[in-house]
Amino acid sequence: CDPTLYIQPLASAPINLLAGLMSLTPDGNVTINGNLNVTGSVLARDITSGKSNVDQLSANQLSLNDLTITTASATESASVGSASIASTSAEVFISNSKVSENTLIYVTPIGNTNNQVLYVKSKETCLGLRPSEASCVGGFTVAVPATPSSDLKFNYWLIKTQ
């Protein structure tokens with residue numbers, strides 16, 4: 001008997017295993033009606049989730065060719081946005097309810113800052129407040145060392161960390 005000879009059924013009908021828990025169709029599709037646990041690597045050209053929303057994604061490393069971040073509107077709960085420091089002040093407070101102790105805040109100037117360096121001066125959180133102190137407004141302050149000669153526009157990005 002030749003060890004390289006494989007016996008296989010004709011590819012004219014699906015193969016069903018374990019009363020239909022797993023099936024292999026003639027066109028190469030595999031359907032698993034349960035969980036798939038892989039101890040090795042998974043290589044895929046395309047991955048599509050059956051859910052329209054993914055609430056949480058955990059990974060040690062994530063590599064993406066394209067990254068798109070979308071917010072429904074520029075509300076106070078947005079994770080990204082734009083603002084400016086007026087020429088009459090050296091700072092601006094941005095109200096945002098998503099700011100917490102574990103929030104990273106990145107600011108990027110739009111245009112020439114005339115050597116003014118934008119920085120996050122402070123973060124305000126409402127963590128630990130009692131209901132009677134519900135008037136707290138979370139957010140952060142972006143500042144420059146001196147009052148600018150013209151408005152300084154910038155983008156910001158909030159990233160929640162654990």
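F140 and Y156 are both buried (under 20% relative accessible area, with exposed meaning over 50% and partly exposed in between, for a 1.4 Å probe and protein chains only). This is a predicted model, where local features need pLDDT of at least 70, side-chain atom pairs count only at pLDDT 80 or more, and totals for chains, interfaces and linings use all residues. Residues are numbered from 1 along each chain as its sequence is written, and side-chain values use heavy atoms, leaving out hydrogens and water.

Let's look at the aromatic rings. The whole structure holds 2 aromatic pairs; rings of Phe, Tyr and Trp (its six-membered ring) pair if their centres lie within 6.5 Å, and planes under 30 degrees apart count as stacked, over 60 as edge-to-face and the rest as tilted.

| Pair | Centre to centre | Angle between planes | Class |
|---|---|---|---|
| Y106 and W157 | 6.4 Å | 45° | tilted |
| F140 and Y156 | 5.2 Å | 70° | edge-to-face |

Y106 sits in strand β6 (residues 103-110) and W157 in strand β9 (residues 152-160), so their pair ties together parts 51 residues apart in sequence. Strands here are DSSP runs (E, at least two residues), numbered from the N terminus. Y106 is partly exposed at 43% relative accessible area, and W157 is partly exposed at 35%.

Now for the strand that carries F140. F140 lies in strand β8 (residues 139-143) and Y156 in β9, so this pair ties together parts 16 residues apart in sequence. In β8, 5 of its 5 residues are buried. Strand β5 (residues 91-95) pairs with β8 in the antiparallel sense over 5 bridges (pairing needs at least two DSSP bridges), and I94 stands opposite F140. Strand β7 (residues 119-124) also runs antiparallel to β8, joined by 5 bridges, with Y119 opposite A143.

Methods:
Helices (H or I, at least four residues) and strands (E, at least two) are DSSP runs, numbered from the N terminus.
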